[in-house]
Amino acid sequence: MRSPILITVIVVVAAVLGRAQTEEGLRAPTDCWPVSGGSSSRSRQASTRLGLGLQPAWSLESKQGFACEPLVWEGEAVLLDEEKNGGFRLLQVDLASGRTSRHSKTITSTGAASLAIWDRRVFATFVGEGAFGYLRSRSSISQRWQVPESQGAASPILIKDEAFLRVGRAIRLYRWGARTATWSRDGDYIGEFALLGDEIFVLAQIGENCRLDVLDRADGRVRTSVSFGRVYTQGSTTRPRVQVGSSFVFVELPGFAVEMPSGGCSVLLKRTPAASGSSLEILGDLRSESPAIVGAESLFFRGEIGLSERGWMVASAQAYDAVCLEKERPDIMAPGVDPCQVGGRIWLGDLAFEARNGRILRRGVEKVAGSAVPARGVLLFMSADRKRLQAHREIAVVRPFAGARLELAAGRAVLADTDTISGRFVIEPQATVVRFEDAKGKSSEHPLAEVLMIEDGEGRLCYHASEDGLLRALRLLDEETLGEIAYDAARAARVAKAKDLLARFLAEASDLGVDDKKLGSLEKALEDFEKKEPKTDQAKVAALERDRSEKLAAVAERSWRRIEALRDEDFELRIRLLRALFASAPRHGPATEFVRAQLPKEIRPAGDFEAGAWLDLVLAARRRPIRIVIPPAKGHESEADALQRDVGAARHAWRPDLIGVASERLLVLMPPGNPSQLAHCLTVGEMLAEELERMFGGSRESSFPLRIHLFPTRKEYVDFHLKRRNPMAQHSLGNYSPLENISRMFIPDDGDEFADMLSTFVHELTHHWMNVRCPQVTAAAAAKGSGSNGFWVVEGLATMMQEFSYDPRSGEIRREDPGSNSLDTVANCPPQSLLAWPDLLAATQMQFTRLTLNPEPIAGLFVPMTWQLGYRRAPSLVNLFYAQAGAVCHYLYSAENGKYRDRFLAFVGDYYCDRARGWTPEKSFGIDAATLGKAVTDYAKKTVSP
């Protein structure tokens, strides 16, 4: 049984990462970064997808400096460029090329300037000058609106057609283009406020007292307040700001000391949302800065730990704890390097790590100061002096066209810059470009990397570059139709005199690119409705909703026809497009029936069901034939085959609702539900078995597959083993029982926890396969076991296999990973603290078992990890055994172009067949234990080095 690695300092950053709130205004759409003024919670989160492989693309210089970080909406970034005379000019940058366009007018300001963005709308505030609304196109920026009486306006938030800003000491809401505020709330308000759902969180300072107010987004009334008592100015030019998560509020007061126990400059509050308004409870104060929300319930920030040690920390509504002390990386501890979250990653400058566990994914070689700003395929860095903007682009992999010659007399292509072109297309085999000829006979060439998709005149897909690119292209093709649907709905809302619906669909139409001239009369109607609340015609509202639903259903139907028209050999692509369809139309009838028909009849859901959750299992069944194993009905037990008898026995011993799913090599038993996790376990298990067969030259013949039992909860997993008098199970996620030839695992629902579990799954299944499938190991030898020295190879091989990276959706395996925990531990552990290499390599299983009796950390040993941010592992002796054994296997399998690989695999067979008694490294590899240990350590250091 494998013991989990003990963790002493690192904490789980976000147990609910990936389940971020979807409350309106919390996050912008994919490929957008409106943080400074457009993000409702100022969360520094982006939903864009950004890879780790980056290279410099272009840079932009400013003589006086940029007044704010770049705000991104899909393909463009917007900045404020400071000019020599003290004024500011709006600047727009094309992210693909770095080309710029500027607003013609310079705005002067006596103080700070702030910027907000939402789609093509830009909202800027200039102290002493006012607040202005702009509309942007690809080539220009034009002023369309000025908020009156806005001297001293600051800290704007823009969400669709709602502009929130602080004017002096008041918070106000303006509808886009409106001359008067929808509401205004005076309250001695200061700093940057935040918005989440239907609540605004804003600081008020009255004399030396500081208070947090929660305002109603609709009318500005105060829902609740909490006071921090007195604050003392310590001098700072940074404005106070508020961060809000689903279960906490974080108040940052730079330059102030709060009259609380630690005299910190930040306050952490627990937030309990309620229909009547959030209730707030002060949890404590601390010295911190640069906060960023991680997931929905945690906060990442720079703070003081212990005796004035500086480090990154994580907070939740329950507690806060240290996540790292990065003394060796002063660049990421420097002020001005704010964190940001991109998907499940945190970026600090050009360093990226997993938010949930601090595992470093990328260590940039450049010392980049300032914050990272993510965009589609691009990461932007601002220099410390704010005079240089550097773009780093994802390294594009251009694969030659793999099909036969493609020629379309009439087709349509969508390009990466969102252009759509129609005409004649030709792609030659193995080409990296596509030739295009327009209606006038003008020819041009486009790199395949810039072509998202090509379809023929009947809408059939002929070429696509990637799943992401294809989905984006289809979205672009549908945008015009969706914009017209929103425009028609806004017109109907005006007729129905439905103010809120008119505002909603007007903003939606604008976001989808409907011409502003068409929207002008609707904006005027909305202004009139705001002045005098109309009486809504509910019958017309119902008709509006019916008409809109029918039109949206037609769009979904067109998407389904695209999917339906794909060839059978494009089945995997069909599944990918179905994911996108179910995201917008989760109950689409024909698509749901298609999924139902693909499922084995024994587990085919009846009636309405969530078809999107079953797509992974459909794909797994398509790639590899599966059989659903259910015992015969009562009275027909004699008709059961071997697999059905096995499932029946498990039902009696474990639980009566089990089903079995058999693939070529596996029999997985689990309760109904979790079809996606079941599919991934089947796929990864088959991938592992195939990899081991490739390594060892095949598989030992057997009429029975590997048996795996998957438990739906950790409690059920532990209780099952405690009843069988196996208390060690409570310290594990899974185990392999050689006596029963069964692997048992706990399968969590949470996606991140499940990803972690897969490594345990692979580890235990490696043990399982070696015992019953390895062709070098006889059944008699496996049953007898080995008393040979050299037990390191058993746990080392399983550790190496679990540190390979398995992608169940692509079917790809990555065998080399510089962040492998075993190599990282060996590379950084003090040599005198490692297990002596001769002892490790000579140990028998009995000697290893003695180590497992004391799984406590070694006193005083903290191993810094190169690929774990600020993490100091406190290993036990058994942890060191796993790490060192795994590192030896990595070395013998991969080092020096596989120089020792064949001899290593031969030794595996010798050990399992009990032929290794008296074994020494000299016999197999021609080197002594100390020399091998040094070679492994050197290999580990070289591999994990950034």
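Modeller: Strands here are DSSP runs of at least two residues, numbered from the N terminus. The model is predicted.

Biologist: In which strand does Arg-241 lie?

Modeller: The run to look for covers residues 241–244. Arg-241 is part of that run. The strand is β21.

Biologist: Is Arg-241 buried or exposed?

Modeller: The cut-off for buried is under 20% relative accessible area. Arg-241 has 17%, so the residue counts as buried.

Biologist: Which side chain makes a polar contact with the side chain of Arg-241?

Modeller: Arg-241 touches several residues beyond four places away in sequence, including Glu-192, Phe-250, Glu-252 and Asp-338. The polar contact between side chains has a distance of 2.6 Å. The partner is Glu-252.

Biologist: How many residues of strand β13 are buried?

Modeller: Strand β13 spans residues 153–159 and is mostly covered. The count of buried residues is seven of seven.

Biologist: Which residue takes a positive phi in the hairpin of β13 and β14?

Modeller: The two strands run antiparallel and are joined by five bridges. Two residues lie between the strands, and the phi in question is near 55 degrees. The residue is Lys-160.

Biologist: Which strands stand at the edges of the open sheet of six strands?

Modeller: The order is β43-β44-β45-β46-β48-β47, with mixed pairing. An edge strand has a single partner strand, so one side is left without a neighbour in the sheet. The edge strands are β43 and β47.

Biologist: Which residue in β44 stands opposite Val-629?

Modeller: Three bridges join β43 to β44, and the two run antiparallel. Strand β44 covers residues 659–662. Opposite Val-629 stands Gly-660.

Biologist: At what angle does helix α12 run to β48?

Modeller: Helix α12 covers residues 714–723. The helix lies across β46, β47 and β48. Its angle to β48 is about 140 degrees.

Biologist: How are helices α16 and α19 oriented to each other?

Modeller: Their axes come within 8 Å and cross at roughly 105 degrees. Angles from 65 to 115 degrees count as roughly perpendicular. The orientation is therefore roughly perpendicular.

Biologist: How many charged residues does the contact of α16 with α19 have?

Modeller: Ser-822, Leu-823, Thr-825 and Val-826 represent α16. They meet residues of α19, among them Leu-880, Gln-884 and His-890. By class, five residues are nonpolar and five polar. The number of charged residues is none: there are no charged residues.

Definitions and conventions:
Residues are numbered from 1 along each chain as its sequence is written. This is a predicted model: local features need pLDDT of at least 70, side-chain atom pairs count only at pLDDT 80 or more; totals for chains, interfaces and linings use all residues. Side-chain values use heavy atoms; hydrogens and water are left out. Helices (H or I, at least four residues) and strands (E, at least two) are DSSP runs, numbered from the N terminus. Buried means under 20% relative accessible area, exposed over 50%, partly exposed in between (1.4 Å probe, protein chains only). A polar contact is a pair of N or O atoms within 3.5 Å; within protein, one must be able to donate a hydrogen and the other to accept it, and residues adjacent in sequence count only if both atoms are side-chain atoms. Contact means heavy atoms within 4.5 Å. Two strands pair if DSSP finds at least two bridges between them. Axes are lines fitted to C-alpha atoms, for helices over the stretch in contact, and angles run from 0 to 180 degrees between N-to-C directions. Angles under 35 degrees count as roughly parallel, over 145 as roughly antiparallel, 65 to 115 as roughly perpendicular and the rest as oblique. Ala, Val, Leu, Ile, Met, Phe, Trp, Tyr, Cys and Pro count as nonpolar, Asp, Glu, Lys and Arg as charged, and the others, Gly among them, as polar.
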